[in-house]
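Morning, everyone. Let me put the structure up, and then I'll talk you through it.

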Amino acid sequence: MIWPFKPRYRKQIARIEITGAIAGETRKRVLEALKTVEERKFPALLLRIDSPGGTVGDSQEIYSALKRLREKVKIVASFGNISASGGVYIGMGAEHIVANPGTITGSIGVIIRGNNIERLLEKVGVSFEVIKSGPYKDILAFDRGLTHPEQQILQDLIDTSYQQFVETVAEARKLAVEKVKSFADGRVFTGQQALELGLVDRLGTEEDARRLAAELAGLDPEKTESCTLEKAKPFLNRVLGSSLDTSGLWAYKNLLDFELSTNGVPLWMYRP
């Protein structure tokens with residue numbers, strides 16, 4: 001027997017937000033949401049990205065999942081206030097990309113940072129004794145500078161990650177690799193400039209992106225609703241609502257945690 005009515009999810013657009021720095025928690029949440037999109041058979045997905053980027057591996061996993069899902073679901077990305085570096089990489093998993101004219105995007109490149117406080121330690125009379133299995137085991141140690149061989153090792157690491165980024169953008173946007181490299185030097189640009197470079201498909205708001213997703217899925221953009229898939233809030237937050245709003249404090253805490261946990265890790269991250 002063929003059921004005459006479509007499940008309600010087949011008449012809706014799934015919506016997933018990617019905000020803030022991209023790391024393990026973001027990857028886990030987004031992959032779970034993408035699985036839900038596939039299981040409920042949503043015909044289209046609106047991906048709202050408002051992120052300066054983040055860790056390389058987490059961005060790659062989200063992109064790969066989007067690329068697989070794209071075979072079954074129409075995906076439209078909406079670049080918000082900022083969608084840079086890893087945010088751009090994830091956006092490459094969408095079939096179409098819509099950006100605001102003033103969106104900050106780009107910053108295609110890789111960065112790795114370490115802290116060298118050797119002179120400070122000398123002033124306070126602190127030193128470290130290190131026993132290591134190989135000459136590079138303590139690379140990027142904070143109590144000394146890099147040696148020339150270490151600089152080359154890290155540069156090779158950065159160059160490999162950068163090439164992966166460039167090739168992904170070139171493939172997704174149907175551009176020559178050399179064309180991508182001409183603007184993939186870490187610079188940021190507006191949504192208007194991104195359109196001229198071929199990095200996005202059109203200018204518009206999130207609402208414009210929603211309407212496009214509906215049209216691609218053969219749905220009526222005037223009537224089609226979007227269903228935001230998000231992680232459930234803690235019980236107290238749901239009960240007490242805004243009276244327990246500490247989003248500002250949590251944002252600073254999350255940024256600090258990200259900075260500490262990614263010290264010495266290659267990042268696709270925009271740092272103004």
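First, the ground rules. This is a predicted model, where local features need pLDDT of at least 70 and side-chain atom pairs count only at pLDDT 80 or more, while totals for chains, interfaces and linings use all residues. Residues are numbered from 1 along each chain as its sequence is written, and side-chain values use heavy atoms, with hydrogens and water left out.

Now the overview. The chain has 10 helices and 10 strands. Those are DSSP runs, numbered from the N terminus: helices are H or I with at least four residues, strands are E with at least two. Of the 272 residues, 39% count as buried. Buried means under 20% relative accessible area, exposed means over 50%, and partly exposed is in between, with a 1.4 Å probe and protein chains only. Next, contacts, meaning heavy atoms within 4.5 Å. Among contacts with a separation of 6 or more, 73% join residues 24 or more positions apart.

On to helix 1. Helix 1 has 16 residues and reaches 23 Å from first C-alpha to last, close to the 22 Å expected at 1.5 Å a residue. The expected span is 1.5 Å times one less than the number of residues. Which residues of helix 1 are buried? They are Thr26, Val30, Ala33, Leu34 and Val37. Seen down the helix axis, they fall within an arc of 105°, so they line one face of helix 1. That arc is taken from the directions from the helix axis to the C-beta atoms. An α-helix has 3.6 residues a turn, so residues three or four places apart point the same way. What covers the buried residues of helix 1? The cover includes strand 1 (13-19), strand 2 (44-51) and helix 2. Turned away from the buried side are the exposed residues Glu25, Lys35 and Glu39. Just after helix 1, lysine 41 takes a positive phi of about 60°.

Now the pairing. The axes of helix 1 (residues 24-39) and helix 2 (residues 56-69) come within 9 Å and cross at roughly 10°. That makes the two helices roughly parallel, the term for angles under 35 degrees. Axes here are lines fitted to C-alpha atoms, for helices over the stretch in contact, and angles run from 0 to 180 degrees between N-to-C directions. Helix 1 brings residues including Val30, Leu31 and Leu34 to the contact, and helix 2 brings residues including Ile62, Ala65 and Leu66.

Stay on helix 2 for tyrosine 63. Buried or exposed? Tyrosine 63 is buried, at a relative accessible area of 8%. Not counting residues up to four places away in sequence, tyrosine 63 touches Tyr89, Ile90, Met92, Gly93 and Thr168.

Thr168 is one of the buried residues of helix 5. The 26 residues of helix 5 should span 38 Å at 1.5 Å a residue, and its end C-alpha atoms are 37 Å apart, which agrees. Cover for its buried residues includes helix 2, helix 3 (86-91) and strand 5 (96-99). Just after helix 5, lysine 174 takes a positive phi of about 55°.

Last stop: aspartate 138, in the loop between helix 4 (118-124) and helix 5 (148-173). At 15% relative accessibility, aspartate 138 counts as buried. Neighbours within four places aside, aspartate 138 contacts Val130, Lys132, Arg144 and Glu150. Glu150 is also among the buried residues of helix 5.

Technical notes
Angles under 35 degrees count as roughly parallel, over 145 as roughly antiparallel, 65 to 115 as roughly perpendicular and the rest as oblique.
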